[in-house]
Amino acid sequence: MNRITPNMMPPKIVCRDVWKIFGRAPRRIFKALASESMQHESMEGHIIAVRGVSFEVRTGETFVVMGLSGSGKSTLIRCISRITEPTHGEILVDGQDVLRMRPLELRELRRKRVSMVFQHFGLFPHRRVIDNVAYGLEVRGVPRPKRRERATEVLALVGLEGWEYHFPRQLSGGMQQRVGLARALAVDPDILLFDEPFSALDPLIRHDMQGELQRLQATLQKTSIFITHDFTEALKLGDKIAVMRHGQIVQVGTPQELVINPINDYVGAFVRDAPRGRVLTAQAVMVSCPLTPTSTDRPTISAQTYLDDLLPLMAAYGDPVAVTDDDGLTIGHVDRAGVLKALIRE
Amino acid sequence: MTTRSHSLPFAQPNFRLFLQALIWVGTAFGIGLLATTWPAVPRDFPEAWNLGLRDPLDAFQRWVVANRASHPVFAFGFTPLSSWIDHALRFFEQALLRPGWPALLLLFALLGYLAAGVRLSLFCAGSLLLAGLFGLWEPTMQTLALMLATLLLAILIGVPLGMAAAASDRLDRLMRPVLDAMQTIPAFVYLVPVMLLFGIARVPAVIATLIYALPPMIRLTNLGIRQSNQAAVEAAQSFGATRWQILRGVQLPLALPSILMGVNQTIMMALGMVVIAAMIGAGGLGREVLIALQRLNVGRALEAGLIIVCVAMLLDRLSAALTRIDFAAPAGTQRQDLLSGWVAGAVAARLSTERAYYFQAYGRLINATLLFLAFLLLDALIFQFGNFPETWRLGLREPANAVVIWARDNLYFVTGPLSDGIVIYLLNPSRDLLLNHLPWPAIILAVAALAYTSGGLRLALGSATGMALIGLLGMWTPAMETLSQVILMVLLTVAIAVPLGLLAAQSPRFSAVLRPILDLLQTIPAFVYLVPVIMLFNIGRVPGLIAAVLYALPPGIRLIQLGIETVPSVTVEAAESFGSSRWQTLIKVQIPQALPSIMLAINQIIVMVLAMVIIAGLVGGAGLGIEAVRGLARSETGRGIEAGLAIMILAIILDRITQAWAKSKP
Ligand SMILES: Nc1ncnc2c1ncn2[C@@H]1O[C@H](COP(=O)(O)OP(=O)(O)OP(=O)(O)O)[C@@H](O)[C@H]1O
Ligand SMILES: [Mg+2]
């Protein structure tokens, strides 16, 4: 979803040097680590789930976090609304430090501005679908008819009309996660946190749900952080991708940056199976030339064209094909050899 | 056996074994030395060291009696509390006795039908009918009212406490030993203090029952909340729900099945107290049993006992059905039977889907309620049935009495020598050993050594202190009497339970035959079979011994059988694949693996035997039981409390030692 603007927007979420240590005395361990007086072996049963993570997410952007199991993704995302209390760091939402918030402010933040969608849905099995969706509003004290009205509205948005009075377990997995999504959307938050929302679904339904989310995102333009294992999913949904390992962010970048230039083998392993033709753009493989006016007798392509879309053109017209920028000026050329080389993974 | 034992030479297995042997040899030597050198006459605990609690306690009791009306603790504390409980009890009693008997039959038939269908419905109605035919209608209703009042209190107290324990680990840790104690300490211990504090009518009986029956309510509420779906709780948190909103809106509803299980368990435990509660004025079926016991009327005891069993089964099934209710049942999946449709169906058909849901989901309940109310109205206006007709009687008394009297008169050639043999060869020698042969320090030493080998130094010190405390309470002689009986009963029970348990585990056929017998023994109050045993063996220590063995056998057999059966079949098959015979497999594979549960069985046997020994005090069993009962009956509060404390200490020591023992075996 490479929407245009993000870079102009102010950062919506900022994390600076966030740490989370699990165990009996996390603060002590943190101090010891900071003064480097401690060896890794002697952590006394503590687990460092997140170590010194910093990143920014701009308004309307979807920030994807990837990483192997146990790399600290869930812990990180839960730190943002303090479902898990970070050990150290600074987390700013709209410039306000979440970690300094008093309980009441924090509650307000969770009630109005940040919503979460969970891997295993986290639905309330004893409540009907409609009351699941209305929960956030109920907690806020919105009267019943009003919150049910809103819930019905959101359920329609995610394609669940007619299921309002069923119980969650009567629904399929995909439908349950739609309920989870609707529940998060019902409070109309600015920020959505997704913790592997589609991992528990089978591939076909996952594909549907991704499409659904893309569609919603295109109209709602929420700022989101999205955790996933699956690079294809990350590609589809993410403006930026961060790869985590052992609690640290190893690399952050656009999908293309990661594919072209993985910082190490760990990141390389994640992007290895990426459909390169859907990630790489003409700009990434072209041979640049000085800006020149574009000749009109041969087909041209824009710099943002994906290689997959470029191939049929080249098959029809042969190479080279001129690449133009937004103003229609030629900035370079692509030829078959270059494209093929880019498509083959090293 | 710490993990570091390998690095310390003196903690190596061989050395430990050697150390244990040393301790035992030392102890044996010490005991022998004490036994031979200690002066022959005062071998029990020196009377001069008595702490003398009795007089102040008696004085306290007199003070309570004198000040009950006026002192603020009573006037604003216990007395109003008691009168509320009394009101609740009366309310339930009235509710059960007012409507006239057919209405009640209908009520229970409907409940049974709603819960599980025709069979339970017939059983419920049949049980009440039988109660009426036995002439036990009113006592039955009194007992039911007592159960309901206790249950109400258990829910009012237990659910909030369970919620609190779930919210705070600290409170949970604090409460755990208290709850354990509430279940292990024989009820006799708290009968006297409860009577003293809540001395209004049947209230002490409710409180005593409550103390015993409350723990599962607290435990299961706690458990239910702690185990409630963590994901749902976190989701609620992420929406900014307050702690209370999470508890009320998410955790409690999710814990409901567990809480209802607590209701079931509480009812069952409360029923186990029916007879004991009757000793402090509970009335009802328990009182019938006690009267039958006093008059040695087997038939009467049997009738009341049967009804108690029926009531237990009925309440068990009904409350178990509660736990199976699916509150989130999808519309249209409710059971279709005689009670569906009707009024609720007609109403549902006229409403929008949203509202119709309730009429569909609870349709059967609504119809049943309407039916019952209609019948009540008819009864009040037209039939006016009233009490169960006196002329309808069915008696088991005469035939049952006749059988037992015949047995008493004609089987004497067996029962006489058996009884004499038990007294001469078992009871007397073991009592002599503890009271005459061994001086008190030797006994304390032996207990401490036993505690040390099973649980270490702390347990040894604790046990020795406990034993000394019993002496200081002035209860040494009765306690040794009790202890000698307990040891004997436990040995006898184990001697019977182990082979039967093994056999049951080996042969499904035998197990199938045994099961209903064990079920019956477990549900009939022990007092009931005490009656024929007394008739056959005469008042004294023997019937107590037999009753205790009968009482402790079922759980003992069950645990041993379970232990053997749960040995993984893979292990057994592996042994068999090497060609080991069934007997070899049993001895070499199954029994060693089942050892922990066998130890657990022995622990259970001890706890139960101890409870029974006290009861046996009622029928001349001697020992602490008789002291406690005297304390109750003659309202010698001090003595009752002293005996109660001694029982409690003995119970805790025995329980801890065997539990530590069960745990130390890998
Ligand atoms: N409540 C907790 N207490 C102790 N350790 C925890 C806790 N939660 C997570 N951890 C540990 O922190 C580390 C990171 O866990 P986290 O759940 O954040 O990983 P993840 O990247 O989300 O993995 P997955 O992909 O399996 O969900 C793991 O080693 C985990 O064992
Ligand atoms: Mg995770």
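Two strands pair if DSSP finds at least two bridges between them, while helices (H or I, at least four residues) and strands (E, at least two) are DSSP runs, numbered from the N terminus. This is a predicted model, in which local features need pLDDT of at least 70 and side-chain atom pairs count only at pLDDT 80 or more, whereas totals for chains, interfaces and linings use all residues. Residues are numbered from 1 along each chain as its sequence is written, chains are lettered from A in the order in which they are written, and side-chain values use heavy atoms, with hydrogens and water left out.

**Chain A as a whole**

The secondary structure of chain A comes to 15 helices and 14 strands, and its C-alpha trace spans about 65 × 60 × 35 Å along the principal axes. Of the 346 residues in chain A, 51% are buried, where buried means under 20% relative accessible area with a 1.4 Å probe, protein chains only.

**A sheet in chain A**

In chain A, four strands in the order β2-β1-β4-β5 form an open sheet with antiparallel pairing. Because β2 (47-58) and β5 (96-97) of chain A stand at the edges and have a single partner strand each, one side of each is left without a neighbour in the sheet. The pairs of strands are listed here with one pair of facing residues for each.

| Strand pair | Bridges | Facing residues |
|---|---|---|
| β1(A) and β2(A) | eight | A:Val14 and A:Glu56 |
| β1(A) and β4(A) | five | A:Arg16 and A:Glu90 |
| β4(A) and β5(A) | two | A:Leu92 and A:Asp97 |

Strands β4(A) and β5(A) form a hairpin with two residues between them, and A:Asp94 in the turn has a positive phi of about 50°.

**A helix pair in chain B**

In chain B, the axes of helix α14 (residues 298-324) and helix α24 (residues 526-537) come within 8 Å and cross at roughly 160°; here axes are lines fitted to C-alpha atoms, for helices over the stretch in contact, and angles run from 0 to 180 degrees between N-to-C directions. That angle makes α14(B) roughly antiparallel to α24(B), a term used for angles over 145 degrees. Where the two helices meet, B:Val298, B:Ala301, B:Leu302 and B:Gly305 in α14(B) are in contact with B:Val528, B:Val531, B:Pro532 and B:Met535 in α24(B), contact meaning heavy atoms within 4.5 Å. By class, this contact has seven nonpolar, one polar and no charged residues, and in this scheme Ala, Val, Leu, Ile, Met, Phe, Trp, Tyr, Cys and Pro count as nonpolar, Asp, Glu, Lys and Arg as charged, and the others, Gly among them, as polar.

Definitions and conventions: Angles under 35 degrees count as roughly parallel, over 145 as roughly antiparallel, 65 to 115 as roughly perpendicular and the rest as oblique. Buried means under 20% relative accessible area, exposed over 50%, partly exposed in between (1.4 Å probe, protein chains only).
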